[in-house]
Amino acid sequence: PFVIASACIDVKDTACLEVCPVDCIYEGGRTLYIHPEECIDCGICETACPVAAIHADDRLPEEERPFLQINAEFFGPA
Ligand code: SF4
Ligand code: F3S
């Protein structure tokens, strides 16, 4: 899945919400989260985010790795 990482925190542009074809991006607190099972890996949100907060899980920069878990855990334990 695609993952929303640190750059979104307190920015919350929500352009990603507008473009996601399956509505799998959810608001919560200081950032937004992508539901890992609902995401169809289209990549549209990555292009739409003005602060480049969204990455494919296999292209996450090292320091952003924890956000893979953080996005998944928002939706509860696996
Ligand atoms: Fe939605 Fe596509 Fe982004 Fe996944 S990659 S969150 S399906 S816009
Ligand atoms: Fe955040 Fe970028 Fe979406 S700032 S709300 S990931 S468009």
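## Phenylalanine 74 and its partners

Let's start with phenylalanine 74, which counts as partly exposed at 35% relative accessibility (buried means under 20% relative accessible area, exposed over 50%, and partly exposed in between, with a 1.4 Å probe and protein chains only). Phenylalanine 74 forms an edge-to-face aromatic pair with phenylalanine 75, at 5.0 Å centre to centre and 85° between the planes. Rings of Phe, Tyr and Trp (its six-membered ring) pair if their centres lie within 6.5 Å; planes under 30 degrees apart count as stacked, over 60 as edge-to-face and the rest as tilted. Phenylalanine 75 is partly exposed too, at 27%.

This is a predicted model, where local features need pLDDT of at least 70, side-chain atom pairs count only at pLDDT 80 or more, and totals for chains, interfaces and linings use all residues. Residues are numbered from 1 along each chain as its sequence is written, chains are lettered from A and ligands numbered from 1 in the order in which they are written, and side-chain values use heavy atoms, leaving out hydrogens and water.

## The aromatic cluster

There are 3 aromatic pairs in the structure. The rings of tyrosine 33 and phenylalanine 74 are stacked, because their centres are 4.0 Å apart and their planes at 5°. Tyrosine 33 is buried, with a relative accessible area of 13%. One aromatic cluster is formed by Tyr26, Tyr33, Phe74 and Phe75.

## Around ligand 1

Which residues are around ligand 1? Among them are Phe2, Cys20, Pro21 and Gly43 (each has a heavy atom within 4 Å of the ligand). The shell holds 11 nonpolar residues, 1 polar and no charged (Ala, Val, Leu, Ile, Met, Phe, Trp, Tyr, Cys and Pro count as nonpolar, Asp, Glu, Lys and Arg as charged, and the others, Gly among them, as polar).
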